[in-house]
Amino acid sequence: MEDKEVKVTETKAEEVKTKDRKTEEKKMEKTAARKSMNPAIVIALIAAVCLIVCSVILVSGVVSYKSRSHSGGISATGSASCDFDSDLIVWRGYFSSFGETSEGAYRSIKRDSDAVKDYLKENGVKEDEIVFSPINISKHYTETYNDEGNYIGDVFDGYDLYQDVCITSNDVDKIEEVSRDISGLIETGIEFSSDSPEYYYTKLDELKLQLIEDASANAKQRIDIMAAQTGDRAGKLSSASLGVFQITATNSDEDEYSYGGTFNTYSRSKTASITVKLNYDVR
């Protein structure tokens, strides 16, 4: 009987030891797992938590700001345009001369230059409106071939001289008339050619300022209408931006509006336009 009691006691003691050993093993496994955790993972988890907290704070701040600023206020783009006629004309012409020697070529181009000036003055162009450019000179060569038609080289045979003339005047009608008919010059033997006249406006700065004022007033009118429809009123001006200044031909299908602006010079009658964007707080 005593032997049986001893065996029972020993069995219980063994069970307790086994339970204690398993508990100790689990503690060791948890400790090892904590030690083996990657530091980068820990840092990433911390950063994620911080990001969530910051996002909550930021979103609440944006919502609060929008509620105070009436969702950014009211914006509108106004426009203004104006038709006008150019009051300045620029007309450019070109002529050339040839000479076997440099001295002969210079005498020839000088004779043509004097003839061009005389012709312009006779047709009502003022002398102070005429400007001649410096003379350009280049050597002239002629290609040579043998009896069989094979190229054998270039032979120098003289000088080519070129000169430009520019007429700038406020008498637009007069210069237009002269530019349309240069047959008198050509009939004298002068090799004269010209570009189409260019047209400009000397009061462009004043025109720009007036258009900006008109476009701003137009934008403000649109803002007042929109605010009235919502039961609000425009408050203080919060921002303003200026669009590009465009100059196009009047009553044409000209489609040259660009990000950097368009500046028409070939048409005498023009249309100038500009846009202004305004943003107002509402109250």
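Leaving aside its neighbours within four places in sequence, which residues is Ile-167 in contact with? In this predicted model, local features need pLDDT of at least 70, side-chain atom pairs count only at pLDDT 80 or more, and totals for chains, interfaces and linings use all residues. Residues are numbered from 1 along each chain as its sequence is written, and side-chain values use heavy atoms, with hydrogens and water left out.

To start with the opening question, Ile-167 touches Ile-89, Val-90, Trp-91, Leu-120, Val-125, Glu-129, Ile-130 and Ile-175, where contact means heavy atoms within 4.5 Å. Ile-167 sits in strand β5; strands (E, at least two residues) and helices (H or I, at least four) are DSSP runs, numbered from the N terminus. With a relative accessible area of 1%, Ile-167 is buried, a word that stands for under 20% relative accessible area, against over 50% for exposed and in between for partly exposed (1.4 Å probe, protein chains only). Glu-127 is 40 residues away from Ile-167 along the chain, yet their C-alpha atoms are separated by 9.3 Å.

Next comes helix α6, with 26 residues (204-229). From first C-alpha to last it reaches 38 Å, close to the 38 Å expected at 1.5 Å a residue; the expected span is 1.5 Å times one less than the number of residues. Its buried residues include Leu-204, Leu-207, Leu-211, Ala-215, Ala-219, Ile-223 and Ala-227. What do the buried residues of α6 pack against? The partners are β1 (74-85), β8 (234-242), β9 (246-249) and β10. Just after the helix, Gly-231 takes a positive phi of about 80°.

Strand β10 (residues 269-282) holds Asn-279, which is buried at a relative accessible area of 12%. The side chain of Asn-279 makes a polar contact of 2.3 Å with that of Ser-75 and another, of 2.4 Å, with that of Ser-238. A polar contact is a pair of N or O atoms within 3.5 Å; within protein, one must be able to donate a hydrogen and the other to accept it, and residues adjacent in sequence count only if both atoms are side-chain atoms.
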